[in-house]
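Please keep the sequence and the structure at hand while going through the points.

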Amino acid sequence: MSFPSLSRFLAEAPDRLAKGPIALILVEDDAAVAQTLEHHLRAGFKLILALSPEPLPADAIPAAGASKIVNLRHDARRGRAHVEAVNAAIEAVPNDTWLYYGYNAEFLFYPFSEHRTVGEMLGFHAEERRRAMLTYVVDLYAPDLDRFPDAVSLDQAMFDRTGYFALGRADRDGRHRERQLDFHGGLRWRFEEHIPRDRRRIDRIALFRTQPGLKLLPDHRFNVEEYNTYSCPWHHNLTAAVASFRVAKALARNPGSRGAIGSFRWRNSHPFLWNSQQLMDFGLMEPGQWF
């Protein structure tokens, strides 16, 4: 089985990169890998690059996606793995290609995603002269850590229905950046004593359109400030959400936190229904002008 590196694939397969949207999925462990790939395949990505340190088992790649999912070698466990992968892809794909990046056990949702493809949604977003889309990372978690010690349960997933807030984002001179906010909530807020300060935000620019000179920064923002805005100046825009077990997995696994956390469940935990309408109802994404 061929298992080329990400850099080799990007250099040698330009024909595969000619049409987006393209998804980069960084596979850090074996949690819900097949389900993650299947979810993004259904969303309508033209190409999905599954980036993992070792080859994925054959049953992790859905049979229906054999022609669209490519498993590539990339050490997704390193701290800056997302920066290296995304920036390499930006340089390799044609300008104006839509890219998405996320991790295994993370699931992209956007308004009406059950009935419309990601390409349709991004086509509308581009018509509104937007080159990037704000996504909120909504922490998912299993309700019972005794039954699910890795904190992952797709059938019984829960999320926080309240506790989300935004703070003004300041530049180096202390002035607020226009149309930029730092968003907080979920497990990062409730267990912030176990989360490094620079990783407590839940906003990520996970969907964006490439252009010359664009660079992803380690904190999930870009070097072009307009990419980091939540909307255009004249009206609200579409936003999306990434339903993610990633923080729950880390808190359940790390020695400094696992002994201090008996359960992630609290009075404001709510069952996750795996649909976009629920996320819109709770204000965790909005359709903007798209109906």
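1. Basis of the model. The model is predicted, so local features need pLDDT of at least 70 and side-chain atom pairs count only at pLDDT 80 or more, while totals for chains, interfaces and linings use all residues. Residues are numbered from 1 along each chain as its sequence is written, and side-chain values use heavy atoms, with hydrogens and water left out.

2. Salt bridges in total. A salt bridge is a side-chain nitrogen of Lys or Arg within 4 Å of a carboxyl oxygen of Asp or Glu. The search of the whole structure finds 23 salt bridges. Among them is a network that links R130, E178, R179 and E226.

3. The bridge between K249 and D29. The side chains of K249 and D29 meet in a salt bridge, at 2.9 Å from N to O. Because K249 lies in helix α6 (residues 246–253) and D29 in the loop between β1 (22–26) and α2 (33–43), the pair ties together parts that are 220 residues apart in sequence. Helices (H or I, at least four residues) and strands (E, at least two) are DSSP runs, numbered from the N terminus. Are the two partners buried or exposed, or do they fall in between? K249 counts as buried, at 5% relative accessibility, whereas D29 counts as partly exposed, at 25%. Here buried means under 20% relative accessible area, exposed over 50%, and partly exposed in between (1.4 Å probe, protein chains only).

4. A bridge within one helix. R42 forms a salt bridge with E38, and their closest N and O atoms are 3.6 Å apart. The two residues are 4 residues apart in helix α2, which means that about one helical turn separates them. R42 counts as exposed because its relative accessibility is 57%, and E38 counts as partly exposed because its value is 27%.

5. Helix α3. How does the span of helix α3 (residues 81–92) agree with 1.5 Å a residue? Its 12 residues should span 16 Å, and the end C-alpha atoms are 17 Å apart, which agrees. The expected span is 1.5 Å times one less than the number of residues. In α3, the buried residues include A81, V83, A85 and I90. The buried residues of this helix pack against α1 (6–12), β1, β2 (47–52), β4 (98–103) and β10 (203–209).

6. Aromatic pairs. Rings of Phe, Tyr and Trp (its six-membered ring) pair if their centres lie within 6.5 Å; planes under 30 degrees apart count as stacked, over 60 as edge-to-face and the rest as tilted. The whole structure holds 16 aromatic pairs. F45 and Y100 form a tilted pair, 5.7 Å centre to centre with 35 degrees between the planes. This pair links distant parts of the chain, with F45 in the loop between α2 and β2 and Y100 in strand β4, 55 residues apart. F45 is buried at 0% relative accessibility, and Y100 is buried at 0% as well. F208 and F222 form another tilted pair, 4.7 Å centre to centre with 55 degrees between the planes. F208 lies in strand β10 and F222 in the loop between β10 and β11 (240–244), so the pair ties together parts that are 14 residues apart in sequence. F208 is buried at 0%, and F222 is buried at 1%. Ring pairs also link F107, F109, F159, F272, W274 and F282 into a cluster.

7. The site of S257. S257 lies in helix α7 (residues 255–258). S257 is buried, with a relative accessible area of 4%. Which residues does S257 touch, not counting residues up to four places away in sequence? S257 touches H194, A250 and L251, where contact means heavy atoms within 4.5 Å.

8. The position of L167. L167 lies in strand β8 (residues 165–170). L167 is partly exposed, with a relative accessible area of 45%.
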